[in-house]
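Me: Please take a close look at one part of this model for me. Then tie it to what lies around it.

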Amino acid sequence: MRKLLNILLSGVLVIGIWSCSKEVMDDINKNVNDPTDVASNLIITDVMTRTAFTITGSDLAFYSSVYIEHNVGIWNQSYNAEIRSGEPVSATTYNNSWNSMYRNLADLRLIIVKCSEGGSEEGNFHTLGIAQALNAYTLAILTDLMGDVPWSEALQPGVIFTPTLDSQEAIYAEILQLVDAAIGNLGQSTVFPPLGGQDFIYGGDTEKWLKFAHGLKARYLMRLSHKSPAYADVIASANQSFSSSAEECKFLYNGSTTYSPFYRFFTDRDYFGASQSLADKLEERSDPRDTIFWKAHPASDGFEFAPNGSPVQVQGRYSISAISTPTAPTYLLSYHEIEFLKAEAHVRLGDLGAAKTALKNAISAAFQKVNIGLAAAAADDYFDNVVSSRFDSNPLAEVMNQKYIAFFEEEAIEAYNDYRRLSAMGDNVIELANPLNSSQFPWRFTYGASDVTTNENVRSAYGDGTYVFSERVWWAGGTR
Amino acid sequence: MLVFLLVAGISHAFAQTRTVTGKVTSSEDGSGVPGVTVFVKGTTTGTVTDLDGNYSFDVPPEARTLVFSFIGMRTQEVEIAGRSNINVTMETDVVALDELVVTAFGISRERKSLGYAVQDVDNEAIARTSNSDLLGALQGKIAGVDIKPSSGMPGASSQFQIRGARSFTGNNTPLYVVDGMPISSEPAYSTLNSVTGADISNRAIDINPNDIESIEVLKGQAASALYGIRASNGVIIITTKSGKSNQIGRPVVSISHSSSFDQVSRTPDYQTTWAQGTGGNYVPTSSMSWGPRIVDLPDDPNHGGNNFDRPGYFRVPQLELAGLDPWVLPKVYNNWDDYYQTGYTMSNNINVSQATNEGHFSLGFSNTEQTGIALNTGMTRYNVRANAERNLNDNFKVGFSANYSTVDIDKLSGANDGSLTGILAAPSSYNLAGIPYHRPGEPTRQIYFRGGSFDNPYWVPDNNTFNENTNRFFGNAYINYKAILDHSKTLNVRYQAGADTYTTHLQDIFGYGSRGNSRGVIDNYGKTNSIFNSLLTASLDWKITDDLDFNVMVGNELNHENTKEYEETGQNFNFPGWNHIGNASVVSANEAQWQRRIVGFFGSFSLSWRSMLFLNATGRNDIVSTMPTDNRSFFYPSVSLSFVASELNALRDIDWLSYAKIRASYAEVGQAGTYYDNFFVSPTYSGGFWIGNPIQYPIGGISAYIPSYSLYDPNLKPQNTKSYEIGIDLKFLDNRLGIDYTFSNQNVTDQIFPVPLAGSTGSGTLVMNGGAITTDVHEIMLYTTPVRTRDFRWDININYTKLTNMVDELAPGVESIFLGGFVTPQVRAGIGNTFPVIYGTSFVRDDAGNIVVVDDPGAWNHGFPQAGDPDVIGEASPDFILNGTTAFTYKSLSLSTVFEWKNGGQMYSGSNGLLDLYGMSAVTEDRESTFIYEGVKPDGTPNDIVRGGPNDPRAIERLYADVLSNVDEYYIHDNSFVKLREISLRYQLPRNIYKTATAGISLYARNILLWTELRNLDPETSQGNTNMGGSFERFSLPQTTSYGFTLDITF
């Protein structure tokens, strides 16, 4: 029996020592569940989804929608935003969006590195160009809403823990460079296969991405109008962009595995009521869209608009958007926006005839949006009977108000950007009704809490958050 | 088998017998002692003394020795030597001096030799009030330990920490060792942010408290250092019932039954005046109760019967939807009391055990059936247990221990998925129990008093499912070789192999028609977790001289864990009535497999001199698979010293001092992290505003992969805990008074945790070293027997714990770490704060800390406070915890209680906030008086702005609904409490009910809340099975108070 014991003991010891050798342990700790690298075409797919759903489509748009009075916040966070209590100044309000934007930028940088010189997909110019255009797009939303933000030191996790802020002016210079680089790369030929189905937006059609890049340039040049007006360049770029809504850059939802964010915001949260001030603008114009934009809340039998700034905090009472359908698209850049940009630039340059043509095209496209569904004829009637005379009496006001109405409700961020730019330029043509705006219009969005709590550079820029009510971003006449 | 054993046992009864009589008296006052067990040594033949201490029974002719035993008195063995009358004087034995305790790897040591604190809890203390949850049964009984239950739901998770936390986001749960085999006790899944879904049980729920013979708690790192990297959080050594302590001979069968009735421990104080609505108007779809007076509802312009020819009535549209007469008389309902039912818990235990000269065995079977206080909650558990040991010859001994359990738990969801949110704050004017919860003939179309995503609580049981089903086996087999080498040396070699494997299946279903997910979602997930453990130890005892003993031990342990997880999620059921993955129109699935291995080599040596001075040192080297290749191997030492001063001649003569010991120890123990090469993941879109997943890959057959938002530092090294502990144990007055004091300090450095990165770095977290936390703990155990007479005895045990857990350092630039909750409020670890703290929006305050109100005449919030910056708004950790037991024994009757006083500490109470926001709490009852909010105006003068009154009727509503509801600090409450955790009255029948059969009956109650600073709710109600537990409550299921009885028979 002792012999047996000795054998057992030595056996256990040998196994014990072998069982913890480097090779055995490495093998045990191997992650068999996740890939350690993938090709750029598999990464860019989700950049598009995230850009549409998370960055352009949801939280930032929801809050913009409240501030710009496309909707009225009637419950919880949206209500707090409506009555300017907490939400507009809190670092946590936009934290999820803040993180998503930088995550987008990080993924895009990875793609750009892969597709650039020395990368594993060197010469993949089309994916590179798309990535640069989307990079410019995300970076612009980031700085448009938040002003000076980390950029040149950003995106180095584990290396730089506390990136410093870059000025919005410098970031805008880079945005325009990225757009130009995108235009250059999208024009090159490549041996890499097109993105095809991995491209949810254009199915790999490089020509359309090129038009998107030109359209972005038009948008960003217009954005800087208060600082450096370049209306002729806006028109030149816009002319190289979309020529119909079939070419516009929008993300479509299928209503089963993907849902339109405004639709889900209603089903999951039910925080919005129909905006009284927007309804007033439509009524003033006898706009046929007023029967299309809204419907009674399913839990209510009556039709009621929510007063801007002073709704009662109650769900199931106020009417709601009728165009928040499960498949309502998210527009990254719409054809009607391109036409509105041209219309404004022509007005600014005094070419009212060209402006009117562009405006008519824009309204027609806005009427025919998939979740509006009006005919071109209805748009023409409306233009001839209502818009035309209003345009004649105040061209800029009508262009900008029509753009504001057309942007309901998916393009709230861009409506918010326009309002701030117009205000800086002294063109207060869009009237908002929230009485709190006299002292508490949020001129910008706060930084994300993930930086405010871990990055002292952002923390000191954030302060107590009340700067949002007083300081405008650089392109809107502020300093940062 | 069982029949055979019974027959074998009974066969003793046939031989010629003779009668022995006598009296047992007490050494204190000479009076007779009743209830003393008298039996023939080596058999079960025996009796119990009567009320005067007399006994008489027949003994077999071969009987040599009688054993006299009684709890609290020293057991005596008396030679019969032909006598037929034997009188015995028994001495009291308050504290057994040479008590043996089990330390690491089952090593038995005398308590006095230990240089660190250990504390034991015996079966009686655990099972006294038949708590089905082991952690619940330990509450209030151990110093230095904090057990925080999450709710009164059957199977609810608890947080169990010994001497505070060592890890911010990782595991702080002690290692459980059952019959020598380490088993897993953590939840199979974390509740993560803990603001959606249902609670997930700790795997300690698989253990039936009634199977436990005793529990030894190794608190400090020095005590547990031999267990290496897994034992930095202390060790719970559980010994299950065996036949080892039986008298040799007949098998012993014990049967017990327990029934208890559970009630919700507290009903919130509701306002009973005001109806559903807002702004003083009746709004039948509102979640709030800021409407008109309930008695005035018939006057409502839109729904009041006085305007529609139904004087005195008002119209409830929900009744219309249900196809019923909508006109009802105004009435006040208590929807809370209407909903909660009396829960019922039943447990049955059967245990058979026997000891023979060759070994012993024990078999146990038990079941627990629990029905919760909330509809459709409950737990069913079956446990089967067997262990046996057999001596093969003088040297070899083999044995095994095996445990099987099956646990099925039906739960409900909390927080933002709160199943019972509607119960908490339903308007007093709405008859939630009485109005149908779905439309006639359409069971999936809900009728409810409010909008939003919460489901009607009465609709939930038939449509939503939260279920956990776990099957588990753990056990081990061993062979032990013992050889006496010579008169002074003994060698002991033991090899043990064991397994712990469980498979758990969880199901979360929001059925078709659920308001957050109109066509429903289903999530089926689970894992199989298997641990193999191999343990070899060899030890040598060497009595070098009469005064000097030496012991050395070496060993090897291999622990290998295999995990396989699966998850299948479905959305949008095609048709109602079949909430099954096969009916989901969008389905996705995933699986994952992991392995971990720890191989440890360890050794210890100890020296003892004259039962006075004891030195013990240990060392262990662990090699861990989950660390980076070059950072896998670590060594941890410990050393401890015990000095029994009362053995000194100078102290021996002091009458009042019976025992004095000074002890000190030092140890280092690590905790490994989990390292992987950075990887890509499939994107997910849950969280934020979304219920479920609004985007679900693959989209139209297209997948995508993105870099994981969690990164790993390739230079990861293990976190290190350095700790020291000093203590003194004193016993006075013939051991009638004892006090143990321990001070310990833990210094945890190089914490491993997912360091939150600034979003601008493009990533979320980096698993790296960083951060330090120190813990100072004062523990005092006091035990005394103030009264001790012939019939009456009073014992008191008191544990006092004062613990300071400070976060000294986090990763560079990081101010805080998220543990759970929302963006705000959240539970987090913050530098310079105790652990953990609650962070959220604070009040705007001046430099002196006064709340600053708005001074803006005409503004709606004139005179009201305002939301300020996010800040630390509450500290969860208490100032001290004082708990203990006291027992009164009178003859065969004993009354024992366990109490606990937690002083200090705060929690976030989302439910209290909601009650105020919705105008349902009693504090919102008075809406007509004027008031001045306590604070100062911006100029620093005391606030004198009067709000409210007849001309300002909405002031109270706007204060609660629009101001305070947005200030997280308002939701923070002190939650000190005093609880009677247990009270039980036991009557042990003084005479055998039949031959050798004894019986007892106990009546008990649990969790009687005596006093708390928290309003409306039981303070031990919270969200999460993670380190945030106990500090964050939001529509969590309420706690219960239980009343029950136990019957037990042993023969």
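Reply: The buried residues of helix α11 of chain B are Ala955(B), Ile956(B), Glu957(B), Arg958(B), Leu959(B), Tyr960(B), Ala961(B), Asp962(B) and Val963(B). Buried means under 20% relative accessible area; exposed means over 50%, and partly exposed is in between (1.4 Å probe, protein chains only). Helices (H or I, at least four residues) and strands (E, at least two) are DSSP runs, numbered from the N terminus.

This is a predicted model: local features need pLDDT of at least 70, side-chain atom pairs count only at pLDDT 80 or more, and totals for chains, interfaces and linings use all residues. Residues are numbered from 1 along each chain as its sequence is written, chains are lettered from A and ligands numbered from 1 in the order in which they are written, and side-chain values use heavy atoms, with hydrogens and water left out.

What do the buried residues of α11(B) pack against? From chain A comes α5 (76–82). From chain B come β18 (277–278), α10 (910–917), β52 (930–931) and β53 (947–948).

That leads to the contact between the chains. Contact means heavy atoms within 4.5 Å. Chain A puts in 93 residues and chain B 101 residues. The buried area is about 7800 Å², and carbon and sulfur atoms give 61% of that. Buried area is the accessible area (1.4 Å probe) that two parts lose on being put together, summed over both.

Between chain A and chain B the count is 1 salt bridge. It joins the side chains of Arg632(B) and Asp26(A), at 2.6 Å, N to O. A salt bridge is a side-chain nitrogen of Lys or Arg within 4 Å of a carboxyl oxygen of Asp or Glu. There are also 28 residue pairs in polar contact between the chains, both residues at pLDDT 80 or more. A polar contact is a pair of N or O atoms within 3.5 Å; within protein, one must be able to donate a hydrogen and the other to accept it, and residues adjacent in sequence count only if both atoms are side-chain atoms.

Now a residue elsewhere in chain B. Asn524(B) sits in strand β30 (residues 521–543). Asn524(B) counts as buried because its relative accessibility is 9%. Its side chain makes a polar contact of 2.9 Å with that of Gln507(B). Leaving aside neighbours within four places in sequence, the contacts of Asn524(B) include Leu506(B), Tyr566(B) and Ile581(B).
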